[in-house]
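Please read the following briefing alongside the sequence and the coordinates. It takes up charged pairs, strand arrangement and nonpolar packing in turn.

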Amino acid sequence: MGSWMPSVFGPATWVLIWLFVLLSTARPIQAEELSPRIVLDLKERQIRFVSKQGNLGPWPVAIGDPSTPTPKGRFRILDKQIDPIYLSTKNGDPQELSGPLSPIGDRYLAFFRNERGEFGIHGTPWLHWVKNRAAVSQGCVRMLNDHMRHLFDVVEVGTPLDISD
């Protein structure tokens, strides 16, 4: 018998103790933990795609301003849009903008709607906000256009999105 094991217990007893500890601390893996999902970490201000086939990211993001925060919780992608229309009233007259230079870039993933409006993950031409991981939006999640295209291509409508601190 090795010196690491007290002589009071035999080897079979130690195996039983080890199995008890292992089984009492194990928890079943939830099916949702295995399914593809988007994970947004508001504290680190980064987003990633997680799946059995591998992960993409993490990528830096800009998030909601403290007065208009990005909502937290579990959501699902509601809609996917290529070249979404952004309605600008910057100069007083409504103007429709789309494409990579529009404020919401050329890809958009809607994930939540409430009295404040619709929240989405989208690209942006304003690289400095994303690179600085700023809290400047009205609740949406801004990504670099190139990163957004990668995420958009692997996400389906209904994909879970977990947003936490």
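**Briefing on the predicted model**

Arg107 is buried, since its relative accessible area is 16%, which lies under the 20% cut-off for that class.

**Salt bridges**

- Arg74 is partly exposed, with a relative accessible area of 37%.
- Glu118 and Arg113 also meet through their side chains in a salt bridge, at 2.6 Å from N to O; Glu118 is partly exposed at 33% relative accessible area, and Arg113 counts as partly exposed at 47%.
- Salt bridges that share partners join Arg37, Arg74 and Asp162 into one network.

**The five-stranded sheet**

- Five strands form an open sheet with mixed pairing, in the order β3-β2-β1-β13-β5.
- Strands β3 (56-60) and β5 (73-76) stand at the edges and have a single partner strand each, so one side of each is left without a neighbour in the sheet.
- From one strand to the next, the twist averages 20 degrees.
- Strand β2 (residues 46-50) runs antiparallel to β3 and is joined to it by three bridges, and the bridge partner of Gln46 in β3 is Pro60.
- Helix α4 (residues 145-154) lies across β1 (37-41), β2 and β3, and runs at about 140 degrees to β3.

**The nonpolar core**

- In soluble globular proteins, nonpolar side chains tend to be buried together.
- Here the largest nonpolar core has 23 residues, and those with the most contacts inside it are Ile38, Ile47, Phe111, Ile121 and Leu151.
- Strands β1, β2, β9 (107-114), β10 (117-124), β12 (141-144) and β13 (160-164), together with helix α4, each supply at least two residues of this core, and the largest share, three residues, comes from α4.
- Leaving aside neighbours within four places in sequence, Ile121 is in contact with several residues, including Ile38, Ile47, Phe111, Met148, Leu151 and Leu161.
- Arg107, with which this briefing began, is also in contact with Ile121.

Notes. Residues numbered from 1 in each chain as written. Predicted model: local features only at pLDDT ≥ 70, side-chain atom pairs only at ≥ 80, totals over all residues. Heavy atoms only, no water. Pairing = 2+ DSSP bridges. Helix = DSSP H or I, 4+ residues; strand = E, 2+ residues; numbered from the N terminus. Axes fitted to C-alpha atoms, helices over the stretch in contact; angles between N-to-C directions. Contact = heavy atoms within 4.5 Å. Core = buried A, V, L, I, M, F, W, Y, C linked by side-chain atoms within 4.5 Å. Buried < 20%, exposed > 50% of the residue type's maximum accessible area, 1.4 Å probe, protein only. Salt bridge = Lys/Arg side-chain N within 4 Å of Asp/Glu carboxyl O.
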